[in-house]
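This report describes selected features of the structure shown below.

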Amino acid sequence: MKKIYVSAQYPGEAFERLRKEYRVQEFLGERLPTRAELLEGTAGSIAVISTVSDKIDKEFMDLLPDLKIVSNCGVGYENVDVAYATGRGVMVTNTPDVLTETTADLAWALMMSAARRVIEADAYVRRGDFKCWHPSLLLGQNIYGKTLGIFGMGRIGTAAARRAAGFGMRVIYNNRRRNVRAEKETGAVYADFPELLKESDFIIVSSPLNDETRGRFGLREFRQMKPSSIIVNVGRGPIIKERELAEALSARIICGAGLDVYESEPDVYPELLKLKNTVLLPHIGSASAETRIRMIEMAVESVELALGGETPKHLVNPEVLGQVG
Ligand code: DGY
């Protein structure tokens, strides 16, 4: 039987159908394979279901002469050398849409936790410090009626913007190009980047990582933001310069941050760990049980289609089709 490698353990029964025709080798457990384990484990595979943490590069692909598809279980795929895969005739797919609402929920969870100091307040109660109600206790700031700035008005940005209606917020956004559909759906108004920085009370970063977005937020940008503002990142870590964010937060250049992604995951810039005005999560944007199952089902479907000679629905390198026999 031909081999399919799955680099993580997933909930649900998504592999049952595949097992009828292929040998499915999963990397079981609560951690991901090391590089060496990944290279060894995938040996002989015709398909790999990867996570956004697996580096799928030239070295990886060169070890797999029969590889037909890399099905990345995640919407982001900057971990895959797509150009090299295309040159090699390897299809690359991702799992868009199914995680949009779940990730937008988490952006809001971060925003609300940072604004209302939820994590600090929880720790306060657990420490036994809650002795009496006090008018000055753990004062945060309102979300209702404020201005939400979205950096990256794609699917997740649009979903985050849609939620703002319930909070009576004004929504502005900055994006590579105007997103008229999102404007119609959410009432968001396009702003240039300096305007976004200046006007927003909250900024949600939900853009993909590319040459234009890498390092887009640093001290220079934080200085243009309101001192009361809060920045949330559910996009990709390297969009924000972490060291400069820590500096801006400790100097109160901005008020708070909520991060789900980091510059070099799983490492977090140590100064951020010391700050109270920062909510830090371990990249769980899409981590609801229902969504995780839908993601892996989508990743499996891409493998089935590719190996069955059909075009997977979420092919990120359609140029490859001319080369696949
Ligand atoms: C994604 O889908 O890209 C998430 O960040 C990880 O699953």
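In this predicted model, Asp57 touches Arg35 and Asp81, leaving aside residues up to four places away in sequence. Asp57 belongs to the loop between β3 (45–50) and α3 (58–62). Is Asp57 buried or exposed? Its relative accessible area is 16%; because buried means under 20%, Asp57 counts as buried.

**The sheet**

Five strands make up an open sheet with parallel pairing, in the order β2-β1-β3-β4-β5. The edges are held by β2 (23–26) and β5 (91–93); each has a single partner strand, so one side of each has no neighbour in the sheet. On average, neighbouring strands of this sheet are turned by 15 degrees against each other, direction ignored. Three bridges join β4 to β5 in the parallel sense, and Ser71 stands opposite Thr93 in β5.

| β2 | 23–26 |
| β5 | 91–93 |

In soluble globular proteins, nonpolar side chains tend to be buried together. The largest nonpolar core here has 56 residues, of which Leu148 and Ile204 touch the most other members. At least three residues of this core come from each of domain 1 (3–96 + 288–323) and domain 2 (100–280). Not counting residues up to four places away in sequence, Ile204 touches Ala107, Trp108, Met111, Leu148, Gly149, Ile150, Phe151, Ala160, Val232 and Val234. Another core, of 27 residues, lies apart from the largest one; Ala191, Phe222, Ile239 and Val268 are among them.

Technical notes:
Residues are numbered from 1 along each chain as its sequence is written. This is a predicted model: local features need pLDDT of at least 70, side-chain atom pairs count only at pLDDT 80 or more; totals for chains, interfaces and linings use all residues. Side-chain values use heavy atoms; hydrogens and water are left out. Two strands pair if DSSP finds at least two bridges between them. Helices (H or I, at least four residues) and strands (E, at least two) are DSSP runs, numbered from the N terminus. Axes are lines fitted to C-alpha atoms, for helices over the stretch in contact, and angles run from 0 to 180 degrees between N-to-C directions. A nonpolar core is a set of buried Ala, Val, Leu, Ile, Met, Phe, Trp, Tyr and Cys residues joined through side-chain atoms within 4.5 Å. Buried means under 20% relative accessible area, exposed over 50%, partly exposed in between (1.4 Å probe, protein chains only). Domain bounds come from an automatic or database domain assignment. Contact means heavy atoms within 4.5 Å.
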